[in-house]
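Dear colleague,

Please find the structure below, followed by a short account of what was found in it.

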Amino acid sequence: MKWKLQPAEVFSASPVVPVMVIKKLEDALPMAKALQAGGINVFEITLRSSVALDAIKLLSKEVPDALVGAGTVLSAEQFDQAVAAGAKFVISPGATPALLKHAAASDVALIPGTATPSEMMQALELGYDHLKFFPAEINGGAAALKAISAALPQLSFCPTGGVSPKNVASYLAVKCVKTIGGSWMIPSDAVEAGDWAKVEQLTAEAVALVKSLRG
């Protein structure tokens with residue numbers, strides 16, 4: 001893949017990839033600053049709101065030292081919209097052949113979502129070896145990923161979906177897990193209240209927890 005930024009670089013840049021749902025554009029910058037202050041410099045801004053693309057554009061300009069990416073990308077059209085907005089990487093919840101082939105020809109990396117060995121094999125056939133395991137918990141969690149990775153050891157994963165401080169240790173114990181995705185450090189009540197100090201605190205705690213478990 002001739003991507004400017006490789007998925008391995010995204011995975012290694014942060015112990016946690018925050019799944020960011022930005023409903024109001026004015027929340028984008030203070031949320032990013034709080035995450036940065038807590039030790040996270042990789043942002044997955046999900047395309048689940050009407051301001052998501054504007055938020056990607058804003059943060060790409062205002063926080064140039066961060067890796068600003070797009071999440072919940074479902075199609076080639078959305079992929080191109082995210083790239084045009086300034087996304088340095090793209091994450092999808094699943095992986096259609098059309099999206100995989102489209103992103104393979106781009107210079108911006110796609111980290112596709114997969115849940116089964118068949119989906120992972122299809123992605124691998126097209127050159128993708130860094131994947132999102134989603135939704136992680138309801139698909140068997142860390143135990144399932146450990147079993148899958150025994151058959152597909154060439155793959156690296158970012159499990160997302162139900163990952164929390166209560167179970168993060170089990171995921172990090174699996175060799176193929178290079179980073180984790182989650183949203184517990186940006187709870188909706190804190191965002192709605194503009195309590196960015198709380199977001200910073202939870203982020204710092206999340207980073208410290210993951211680093212301690214990594215040893």
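The lining of the largest pocket divides into nine nonpolar, six polar and five charged residues. Here Ala, Val, Leu, Ile, Met, Phe, Trp, Tyr, Cys and Pro count as nonpolar, Asp, Glu, Lys and Arg as charged, and the others, Gly among them, as polar. This is a predicted model, in which local features need pLDDT of at least 70 and side-chain atom pairs count only at pLDDT 80 or more, while totals for chains, interfaces and linings use all residues. Residues are numbered from 1 along each chain as its sequence is written, and side-chain values use heavy atoms, with hydrogens and water left out.

The pocket has a volume of about 330 Å³. A pocket is an open set of points on a 1 Å grid over the protein atoms alone, where a 1.4 Å probe fits, with protein on both sides within 12 Å along at least five of seven lines; lining residues have an atom within 4 Å of a point. Of the 20 lining residues, Val19, Val21, Ser183, Ile186 and Ser188 are the closest to the centre. Helix α9 gives the largest share of the lining, three residues; helices are DSSP runs of H or I with at least four residues, and strands are runs of E with at least two, numbered from the N terminus.

Elsewhere, Ala76, Phe79 and Asp80 in α4 meet Leu99, His102 and Ala103 in α5, where contact means heavy atoms within 4.5 Å. By class, this contact has four nonpolar, one polar and one charged residues.

Methionine 20 touches Met31, Leu35 and Phe43, among others, not counting residues up to four places away in sequence.

Yours sincerely

Note on methods:
Points joined across faces, edges and corners; volume = space filled by probe spheres on them.
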